[in-house]
Each structure stands twice: as structure tokens, then as C-alpha cells.
Amino acid sequence: MKCSQGQSFKKGELQRFGIIELSPSAGVLNYGQGLFEGLKAQRKQDGKILLFRPEENALRMRMGAERMCMPSPTVEQFVDAVTATVLANKRWIPPPGKGSLYIRPLLIGSGAVLSLVPSPEYTFLIYVSPVGNYFKEGIAPIHLLIDTEVHRAVPGGTGGVKTLGNYASVLKAQTTAQAKGYTDVLYLDCVHKKYLEEVSSCNVFVVKGNVISTPAIKGTILPGITRKSIIDVARSQGFQVEERLVAVDELLDADEVFCTGTAVVVSPVGSITYHGERLSYGNGEVGVVSQQLYSALTRLQMGLTDDKMNWVVELN
Ligand code: PMP
């Protein structure tokens, strides 16, 4: 779908995956004027295809579009376009439990600009790719590095929306950490350098007894849909969930730490290295709470439990 600045998107059409043409002076190429989303379609045992809360992705894209001076598809247009793309590619959806079809909606400033102004034209497109499960051999602990020199987002910046530049800012820190054997980087706030923010592409939770704490959403943390869902699931299971400032010191006596995201679902954290010191959780085993929430959410997303919250959308 395409539209001009100040206009609304019209219904789009399906196209074969291929190279798209862009002016060298497109807003997205020069000033990073772009947003993306990520969601998954899964196949249920009975063959039905399931999406998880796609309207939340649509709403997050709309919120981001406002920040990035872009028009955006309506929630209905977004969900219809996701549905049409998934149904056209259903042969690529792995069998139940073997993975999913990753869906990548992209909204870009595709019109030509020279000076720093919003692009005169926008393109909304969706591509898909089959992916295996994040944990190939079952859920297993990940290892994080707190990089005190790099910040993912700054107050007043674009960290709270899913814009391209946020990922440009973490690429080096993440690549360097992975070369040293860590799974990913856990970022701290850049003002006090002592509060947890998030990981390169997932949110973080700290468990102490019956209390599960997660950094409150402010402009520097992406409002994850898995995060929002896990908060509700955990509360429904009797946990007390707190959204607040979480200090890095709280990692010292945490029982468990886990991350949440569309790709990772719920990832138990096995260790966090901070100023060269390694804090370990669970002796290589997955924590009880992480395992419980992982199972609850994956079962829900796979259509294996009663969907009381009406989060799962069946496509056929
Ligand atoms: N934080 C960042 C920076 C991310 O890129 C993602 C992945 N979209 C998340 C958190 C988790 O968000 P969600 O649960 O919506 O996938």
C-alpha cells in the first residue's frame, strides 16, 4: 500500500516477494524514517492458523507513526493485510510445534527528500518467512552482558517506538557481546546508569518470591506485546507484578530473571555479567516461574488452552 503525506492508505494488493524500487533520496534511506513490527502465525494441530493479538502490533505501529511524522494504516487495514499475506503463504507455515511464520510489517518513507523533512510518500508492506523455534532443544537459559558504555535509547528520543534507528544503535553492542559468548546485552538507563531498561530486542523481568518486577514503560523502553501479555498472565496466576524503576542492584538477590518478546516468548536468564562479575541464576536450570509463564503463554498462543482474554485470532 502507498499513500502521500496527509492522506490515508488505500487497500493494498499481494505481490510476489522481490526487489522493491526506491529513490536514492527516499526518506527512509536518508533519515531513517521507518517503522517495523514483528508477529508470528502458528499452525494448530487441527490445521487452523493462529495469530496472537495482531491489533496490538497495529496500535503500536500507529503510535510509532505519530512519533515519526508518518501516516499509518488503520488497525483494520493492518490486520486485514497481515491476514491476507499469511493466508497467501500458508504453505510456508511449519507444522505445529516446529516453528512459525514470522511476519514483518514495514512502514517506510518512500518518497524523495533532500532536506530534513518528512517524506512526501509512504509505503506499507509485509513480508513473511518461516522460522524455527527460538529454543531448538527446549527452553534453555540465556546469558546477558550489561554494557555500561552503550545505551539503546535516550530520554526524549525514539526508544519507545519500533523505529529502525533503535536497532542501528544496538547492532555494535550486541555483535560485540555475541562474539564474547553472550546471548545479548542488557541496557541500563543513560541518566543514572543504574536502572534496567531492556535487552536489544526483548523486555526484562526480575523475580523475587511472589513478586515479579519489570521496568515501567517510558520513552526509552519498547512496550512489548509479550511483556503486556505476561503481566496479565502472571497476575492471573497469583503473582504480584510491579511496573516501576528496577535498579541494577536488585539483580544481586533476584531468584530469577527472564526476558520476553515475540521471538523469545519467555527466555530464562542463566547469567548476567556486570562490571566483569557474573551473577548466576538457577544453576544452569530453567527457573520455576520462567518455565511456568513460558508454558502458559506458549500453550495459549498455540491454541492449547482456553483463551479467556480473547487474544488468539483464528484465520480459517
Ligand atoms: N524490546 C525491543 C527493543 C524489541 O525489539 C522487542 C521485539 N519487538 C521487544 C522489546 C519485545 O516486544 P514484543 O513482545 O512485542 O515482541
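**Overall fold and the ligand shell**

The model is a predicted one. Along the principal axes, the C-alpha atoms of the protein chain occupy a box of roughly 55 × 50 × 35 Å. Six helices and 16 strands make up the list of elements in the protein chain. Of the 316 residues, 42% are buried. Among contacts in the protein chain with a separation of 6 or more, 70% join residues 24 or more positions apart.

The shell around the ligand holds 13 residues, and the closest are Gly-224, Ile-225, Thr-226, Gly-261 and Thr-262. Two elements, helix H5 (225-236) and strand S13 (256-261), each give two or more residues to this shell. H5 provides the largest share, with three residues. By residue type, the shell around the ligand contains eight polar, three nonpolar and two charged residues.

Several residues of H5 are buried, namely Ile-225, Thr-226, Arg-227, Ser-229, Ile-230, Ile-231, Val-233 and Ala-234. Of these buried residues, Ile-225 and Thr-226 are also among the closest to the ligand. After H5 comes Gly-238, which has a positive phi, near 95°.

Definitions and conventions
Residues are numbered from 1 along each chain as its sequence is written. This is a predicted model: local features need pLDDT of at least 70, side-chain atom pairs count only at pLDDT 80 or more; totals for chains, interfaces and linings use all residues. A residue is near a molecule or strand if its C-beta atom, placed from the backbone, lies within 6 Å of it. Helices (H or I, at least four residues) and strands (E, at least two) are DSSP runs, numbered from the N terminus. Ala, Val, Leu, Ile, Met, Phe, Trp, Tyr, Cys and Pro count as nonpolar, Asp, Glu, Lys and Arg as charged, and the others, Gly among them, as polar. A residue is buried if 20 or more other C-beta atoms lie within 10 Å of its own, exposed if 12 or fewer, and partly exposed in between; C-beta atoms are placed from the backbone. Two residues are in contact if their C-beta atoms, placed from the backbone, lie within 7 Å.
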